[in-house]
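Good morning, colleagues. Please look at the model on the screen while I take you through a selection of its helix contacts, its chain interface and some backbone details.

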Amino acid sequence: MSFPQPIATNRSATGIPTGKLAVWWVIGSEIVIFGGLLVSYIMLRLFHSGWDAEAAHTNTWFGAINTFVLLTSSLFVVLAHQAAEAGEEKKAFRLIWLTIGGGAIFLINKAIEWSGEISHGLVMTKSVFWSFYYTACGLHALHVIAGMVIMAIISFDVLKKQHMNRVELIGIYWHFVDIVWIFLFPMLYIAK
Amino acid sequence: MSHAEHAHQSIWQKYIFSTDHKVIGLQYLFTGMFMALLGGFFSYAFRMQMAFPGKDVPLWGLVTAGEYNALITNHGTIMIFWVAMPVLIAALGNFLIPLMIGCDDMVFPRINRLSFQIFFLSAVVLLASFFVPGGAFAGAWTAYPPLSSNPDYSLTPLGSVLWLIAVALEFVAFLLGGINFITTMMNARAPGMKMYDIPILVWMIVIASIVFMASVGPLVAGAVMLLFDQLFAVGFYNPAKGGDPILWQHLFWFFGHPEVYVVLLPAMGIVAEILPVFARKKLFGYKTILYTAIATGTLSMFVWAHHQFVAGIDPRMANVFTITTVLISIPIAEMVFVYIATLYKGSIEFSSAMLFALSFLVTFLLGGVTGIFLGASASDIYFHDTYFVLAHFHFTFVPIAILAVFAGIYYWYPKMFGRMMNETLGKIHFWGTIITFHLIFLPLFYTGAAGDHRRIYNYDNFPDLAKPYMNDLRIIATIALIFMLLFQIPFLYNFVVSWKKGAKAGKNPWNANTLEWTTESPPPHGNWKELPSVYRGPYEYSVPGRASDFWPQNEKA
């Protein structure tokens, strides 16, 4: 069902399309959410001892592979945007699904990693390090899932050549999800 | 526009699942008003316990210690999150932003509807918490751990979880709404409306939304952490497990103090719209007000730890926060003085809206001045957690969430419903509210300074505080509260009866300049038959050389 857009939606006093503007504000609010979580983590870690020993149990390889996977998927979404701009809807569709595939590999990887850790007793209640580990990665994973769902919805519009501009919008969001991980990876995996 | 296709909407689509910003605004308003009655009733129940401890309270019964705590907790929670926020930001923002900037709706009408639905759900969750085993959360609206995180202490295993979920949902609703407000103001303005042509209220709601967005994030994260503490006994806030309960206080107040300004700024905006109209004078210092508001919003992010002077923070930090806290009184005082300057040599008409707007300035000034004693860490150590604090923040929040809101309702009611409210009833309501308000809270400054602690349920157990003259003051405050609540009856009567029987308002009953007064009252779907263009600023009143004393923004030359 198509929803009749008000005139307001298509006005652009700033020159920036409204959709793009909104995505940036969403990202702004997300930055403060993750920022609050990570600053809490840093403050507690700085002023308490014993966290390094806990952090030593994280598997840097899993983290590194996931970093690579997520960065690659970001490349796909850039290419998808390029294809959408060029009006090549089938190519854009394929590239969006490659991005979703990247997200899926990321999540599968994470599931394997977490299963191993949980079976070794490294659970959320073990210590505050692990509480942060699961909370931060879990919150990030929720964003990965949300991005994948939105991309799947957008992809079928793209196939019909509708709302092609939304490829760029989800791309911006996906980069943000990527960058959050770039913060999580060193803080949770590398710092030992 | 698509008038024809909207004509066929069912009542269900038109009033319940509407995407029209005006309907959503009114949904927020009515939900907020309902919650205000509830919050007011709660205050009646616990104030009766304060004045007449251990006696049956009419309409409630005996207030037990647990109930007392649940009542004060939810009174605070409701008044801030389910009254001040929805009415000041969401109701007025939704109703007025598109009308004031001259467009047909919000830029994202469906996100707007989703925002209200989430908000409504959050209110339902909060109310549901009263009916679960153990009852509603009773750990104060600030929800400090371990009282909020450990059910062994709170004795409300389900109530605290539901409270937290309700508050978190409410945040989500206002984040969605806020993004809508900000993008709408940035992009959907009428042709010709430049930055300094935007009515101050729109600016204030948008600045408030940005401050909200910038400050609530850490608390969203903090709420997730608290939820895990509650549900899985994780130790984020538990020192025994390596966590820190003070962390919650930082996360809470990093949001909680900017929140004061999040609700203050729209209230200031309402007053800025009303003063020029009823003084028939141009708003003094538009840019000063705008930049002062931005400065206030920015500075408000750096004052939060003044809530924690006695929580064991580093005294050197306390000095820093004392300075920032006292600093913030400068932009606020500046704003109040600029408003008073607007009145100077004006031709003032004391309508109900104007009376409420003026009373806002006076009472808020008193609230601000008493805050200086609390912002300074040395005197705060004595005053902390006493009724002095309580009286202080009611002297700020009541002007914001009650007086300014009433000013706004009396002023925009004709636009919302197409009819005028009765002025006589309005004035009875005004004097009844303002006098009783002072009779409630002035005595409480005194009892607070004399040592009354906020968290005491029954002063009979504290002989030093249960002296007759102290009890008398508590009784005066309580009786004044009952009268204040009763004086809302003329308002509610006026509100309901004027809807059908008030005098027809016409397009512009106040001879005001802003764009909302250039369309029908109430505005049709799509707001204007032809969307307006803007040729000047919003406050051109009594311009020398013009025959009429106002000059609507959309009037060519």
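In chain B, H9(B) packs against helix H15 (residues 387–417) at an angle of about 35°, with the axes 9 Å apart. Helices here are DSSP runs of H or I of at least four residues, and they are numbered from the N terminus; strands are E runs of at least two. The axes are lines fitted to C-alpha atoms, for helices over the stretch in contact, and the angles run from 0 to 180 degrees between N-to-C directions. The crossing of H9(B) and H15(B) is left-handed, a term used if the near helix is turned anticlockwise from the far one by less than a right angle, with right-handed used if it is turned clockwise.

This is a predicted model, in which local features need pLDDT of at least 70, side-chain atom pairs count only at pLDDT 80 or more, and totals for chains, interfaces and linings use all residues. Residues are numbered from 1 along each chain as its sequence is written, while chains are lettered from A and ligands numbered from 1 in the order in which they are written.

Which residues of H9(B) meet H15(B)? On the H9(B) side they are Val260(B), Val263(B), Leu264(B), Ala267(B), Ile270(B), Val271(B) and Ile274(B). Their partners in H15(B) include Pro399(B), Ile400(B), Ala404(B) and Tyr411(B). Two residues are in contact if their C-beta atoms, placed from the backbone, lie within 7 Å. By class, this contact has 13 nonpolar, two polar and no charged residues. Nonpolar covers Ala, Val, Leu, Ile, Met, Phe, Trp, Tyr, Cys and Pro; charged covers Asp, Glu, Lys and Arg; the others, Gly among them, are polar.

For reference, angles under 35 degrees count as roughly parallel, over 145 as roughly antiparallel, 65 to 115 as roughly perpendicular, and the rest as oblique. The crossing of H9(B) and H13(B) is left-handed. Ala267(B), Val271(B), Ile274(B), Leu275(B) and Phe278(B) of H9(B) meet Ala353(B), Met354(B), Ala357(B), Phe360(B) and Leu361(B) of H13(B). The contact comprises ten nonpolar, no polar and no charged residues.

Let us turn to chain A. Helix H6 (residues 128–159) and helix H7 (residues 166–190) of chain A have axes that come within 10 Å and cross at roughly 160°. H6(A) and H7(A) are therefore roughly antiparallel to each other. Their crossing is left-handed. Among the residues that make the contact are His140(A), His143(A) and Asp157(A) of H6(A), and Arg166(A), Trp174(A) and Trp181(A) of H7(A). The residues of this contact divide into 17 nonpolar, three polar and two charged.

How do the chains meet? In all, 41 residues of chain B are in contact with 32 residues of chain A. Helices H5 (109–128), H7 (157–187), H8 (200–232) and H9 (245–279) of chain B each give two or more residues to the side that touches chain A. The largest share of that side, eleven residues, comes from H8(B). The chain B side divides into 26 nonpolar, nine polar and six charged residues.

H7(B) deserves a separate word. 25 of its 31 residues are buried, so H7(B) is largely enclosed by the rest of the structure. A residue is buried if 20 or more other C-beta atoms lie within 10 Å of its own, exposed if 12 or fewer, and partly exposed in between, with C-beta atoms placed from the backbone.

Finally, the backbone. Most residues other than glycine have a negative phi, and most peptide bonds are trans. The peptide bond from Pro145(B) to Pro146(B) is cis, with omega near 5°, and Pro146(B) sits in the loop between H5 and helix H6 (151–154) of chain B. Another cis peptide bond joins Ser521(B) and Pro522(B), with omega about -10°. Arg280(B), in the loop between H9 and H10 of chain B, has a positive phi of about 50° although it is not a glycine. Arg280(B) is partly exposed, with 15 other C-beta atoms within 10 Å.
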